[in-house]
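Biologist: I would like a close look at a single part of this model, the place where the two chains meet. Please set out the conventions and the confidence along the way.

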Amino acid sequence: MDSKPIEAEGLVKRYGKLIAVDGIDLELRSGEVFGFLGPNGAGKTTTVRMLTTLLKPTAGTAKVAGYDIVKEADQVRRRIGVALQEASLDPLMKATELMRLQAVLHGMSKSVAIERTKELLERVGLTEAAHRQVRTFSGGMKRRLDLAVSLVHEPEVLFLDEPTTGLDPTSRLNLWEEVRSLNRDKGTTIFLTTQYLEEADELAERIAIIDGGKIVREGNPSSLKAQVSDPTLRVVVEEELQLKTTEILKGFGEIRPSKDEVIAIGLANGVTMMAEVVRSLDDAGISVKRLELDEPSLDDVFADATGYRLEGAEEIADAQEAAEKEAGVFDDESEK
Amino acid sequence: MTARQTLAQAEELSRRSIIALFRQPQSWIPGFFFPILLALVYTSQFSGATNLPGFELTDSFLNFLLPASLLQGISFGATIGASDLAVDIEQGFFDRLLVSPANRLVILLGRMAGTMTWATIQCCSLTLIFIALGVRIHGGSLAFFTILLVGVLLSLFLGSFAMGLALATGSEEVVQSLFPLIFAFLFLSSAFFPTEAMTGWYRQLAELNPITYIIDPLRRMVLSDFNWGDAGQAISVVLLLATLGIAFSLYRLRKKLAKT
């Protein structure tokens, strides 16, 4: 694809006096996963509906896969895959029937449709449920089927609108893996909207934060975090060595508040300075019990950009942790 | 899209409508059997009424009711496709169809084709049941095929009108609220009693109701010989209604698509 997968300039959507999307600019790179992060009502879904030709913009222009979303809407529709919020599947249809319908709607032949159906259902782990009606599916299965259906015609750009909302943590992890492998194996450009910080952090190479219809921050997660502040280095040493350690660490950054036994500093240049810190402590004969470097979170970025924290972030983190434990993923400490 | 691909899309969408009907029998079983039960009850209650004016062609009330019962069954089934369309809109499946490159008109025509196919199935099955109950179509196969064509066109009228409402409101409840209106529409006509046996405002309404001008010629075909004049009258009236219904649904589709 020579042109940009998505280009938008001054995109606006107004409903009477309400401005749902307020002049956003976007430029996606081919083959990237782009995270569109924001709370409920920020304008994420309205943006997706405009980019997928479901809604006419009030002002501004946008091209998807090189085609204008208003003047060349039909060309856009041929090149995109869309999994909208709340899996939009007919509960009375069987998985294979849905896949065939989607294939026919995209003008594919029956033989190609059968082949793609088999391949995609296998890919999303639904081969055994292929001949079951969608109404018997769990939430996670529906989302995976929704993903498979949106991939039948091998789209250049895939829109995933809050793909994991309402899913249990295990299903969420499974879907993340699916999105990663899709992007890795096929190089499909993915426009992912989410209100989950973890999701954006895990999946997206670049992120735009939208709030009140405007993009308030854009970049890759690491650089966005770096813009907010330096990472925090936390060091634990024997009690009698704390004073000496503090003096040495002061040379690398400002002291930050921490718990009693922990010495924390804001470490400029983060990971690249770690070796030097360790060497200095070693040269001073200080034996380190624990050493941690914490990057600022996306929530810090969000708070810095909007003035408030994204609701539910903590619950998601807890759910994520619970899912990892359930799946048997333990960190070093708990394993001991 | 080529014409062949468009045709394949219409066929697939139509098939989807029919499959949905078979997978939710609760949506059509009451409407299918109700006309039979009503005809049997009316026949046992009003068999003596065949001595009244308007019954000159028959002494069988069940025979007299056949066209009305067939059209009643078809009418009740005609809105199921529109209800399903409203559910599609409510649940977001309609958006899935809209983000595909499928012809917009085909999305609606597929549903209409499903509704007409269902009307054909209903008309044939109900006719067989009524024949088994002793009804005779004196006008022969030409009369039956006229009734079938009129029934299919009536389903197109009611179905497309209901689809227009579904597109305008996106609400299954609104579409289902048509059911009692259709019921009243049929009762305020000559469907169950000849207008000659009616008096006052009821007769005036029945004489204004287009259903009367569809039912009366069909009934003459069932009770005596087939004639092209009756067939032409019934088909013209229902064709006019179907045209209005299609125009309404296409107008609502255009309004809905104007936002995209």
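Biologist: How many salt bridges are counted between chain B and chain A?

Modeller: The count between chain B and chain A is 5 salt bridges, where a salt bridge is a side-chain nitrogen of Lys or Arg within 4 Å of a carboxyl oxygen of Asp or Glu. One of the salt bridges in the model joins the side chains of A:Asp90 and B:Arg16, at 2.9 Å from N to O.

This is a predicted model, in which local features need pLDDT of at least 70 and side-chain atom pairs count only at pLDDT 80 or more, while totals for chains, interfaces and linings use all residues. Residues are numbered from 1 along each chain as its sequence is written, chains are lettered from A and ligands numbered from 1 in the order in which they are written, and side-chain values use heavy atoms, with hydrogens and water left out.

As for the contact as a whole (contact means heavy atoms within 4.5 Å), chain B contributes 27 residues and chain A contributes 32 residues. Between them the two chains bury about 2,700 Å², of which 54% is on carbon and sulfur atoms; buried area here is the accessible area, with a 1.4 Å probe, that two parts lose on being put together, summed over both. On the side of chain B, the residues that lose the most area to chain A are B:Arg23, B:Arg96 and B:Val99, which together make up 29% of what that side buries.

Confidence should be read alongside these totals. For chain A the mean pLDDT (the predictor's confidence in each residue, from 0 to 100) is 86, and 91% of the residues of chain A reach 70 or more. Among the elements of chain A, strand S4 (residues 59-64) has the highest mean pLDDT, 97, whereas helix H13 (residues 332-335) has the lowest, 35; helices (H or I, at least four residues) and strands (E, at least two) are DSSP runs, numbered from the N terminus. Over residues 327-336 of chain A, pLDDT stays under 50, and for this stretch the model has 2 contacts beyond four places in sequence.

Within chain B, B:Thr79 sits in the loop between helix H3 (61-78) and helix H4 (80-91). Leaving aside residues up to four places away in sequence, B:Thr79 touches B:Ala162, B:Val175, B:Leu178 and B:Ile182. With a relative accessible area of 8%, B:Thr79 is buried, a word used for under 20% relative accessible area, with exposed over 50% and partly exposed in between (1.4 Å probe, protein chains only).
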